[in-house]
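Here are some friendly notes to read beside the picture. Take the points in order, and look for each residue as you go.

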Amino acid sequence: QLRGTEKVLEIGTGSGYQAAVLSRLARRVYSMEIHCELLARAQEAFAQLHLGNIESRCADGYAGWPQEAPFDAILLTAAPPEVPQALLDQLAPGGRLVAPVGERDQQLVRVTRLADGTLRRETFLPVRFVPMVPAAPAASP
């Protein structure tokens, strides 16, 4: 449902393929990856393909990217046990979040923020994605 004017957050850059596709469908793409070496390879591909409307960073996707919120669309490419509240908080009115949700039994879910601020959740079909990984806690001294 992207029209080309949206600001999109992708959680899980991976190879960069999905971000590259989104860059052709949305005005701006913000992509996060927790594995920095994987992100570096995707960033090289973005540069080679001259995809200037993608901003990416190595960070914990559970926190989202609050400095750039709100987002018109949020897409997760890994499955959290539940949709992180931080991501729901970063969804613009009229915005949609699509994610695989669950641990062993995962479902594809779409959450829409309605104009009055309430959230509508729809469940579509069973899926199987890699688990969404949170950042490791900092070691104690």
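Which residues touch the most other members of the largest nonpolar core? Keep that question in mind for point 1, and remember throughout that this is a predicted model.

1. **The largest core.** Leu 9, Ile 11, Ile 74, Leu 76 and Leu 97 are the ones that touch the most other members, in a core of 19 residues. Two or more residues come from each of β1 (7–11), β2, β4 (71–76), α3 (85–89), β5 and β6. The biggest giver is β5, with 4 residues. As background, nonpolar side chains in soluble globular proteins tend to be buried together.

2. **Leu 97 and its neighbours.** Leaving aside residues up to four places away in sequence, Leu 97 touches Ile 74, Leu 76, Val 83, Leu 87, Leu 88, Leu 91, Val 109, Arg 110 and Val 111. There is also a second, separate core, made of 12 residues, and Val 8, Ala 19, Ala 20 and Ala 26 are among them.

3. **A parallel pair.** β2 (residues 28–33) and β3 show the parallel sense of pairing, over 5 bridges. To find your place, look for Val 29, which stands opposite Ile 54 in β3.

4. **Two hairpins.** For the antiparallel sense, turn to β5 (residues 91–101) and β6 (residues 106–113), which pair over 6 bridges. Here Ala 99 stands opposite Val 109 in β6. The hairpin formed by β5 and β6 has 4 residues between the strands, and Gly 102 in its turn has a positive phi of about 130 degrees. Next, β6 and β7 also run antiparallel, joined by 7 bridges, and Arg 113 has Leu 119 in β7 as its bridge partner. Their hairpin has 5 residues between the strands, with Gly 117 at a positive phi near 95 degrees.

5. After α2 comes His 50, with a positive phi near 55 degrees.

6. Which residues of α2 are buried? They include Leu 39, Ala 42 and Phe 46. These three cover an arc of only 65 degrees around the axis, so they sit on the same side of α2. Among what covers the buried residues are α1 (17–25), β2 and β3. On the other side of α2, Glu 37, Arg 41, Glu 44, Ala 47 and Gln 48 are exposed.

7. Asn 53 lies in the loop between α2 and β3. Is Asn 53 buried or exposed? Its relative accessible area is 17%, and the cut-off for buried is under 20%, so Asn 53 counts as buried. Not counting residues up to four places away in sequence, Asn 53 touches Ser 23, Ala 26, Arg 27, Arg 28 and Val 29.

Technical notes: Residues are numbered from 1 along each chain as its sequence is written. This is a predicted model: local features need pLDDT of at least 70, side-chain atom pairs count only at pLDDT 80 or more; totals for chains, interfaces and linings use all residues. Side-chain values use heavy atoms; hydrogens and water are left out. Two strands pair if DSSP finds at least two bridges between them. Buried means under 20% relative accessible area, exposed over 50%, partly exposed in between (1.4 Å probe, protein chains only). The arc is that of the directions from the helix axis to the C-beta atoms. Contact means heavy atoms within 4.5 Å. A nonpolar core is a set of buried Ala, Val, Leu, Ile, Met, Phe, Trp, Tyr and Cys residues joined through side-chain atoms within 4.5 Å.
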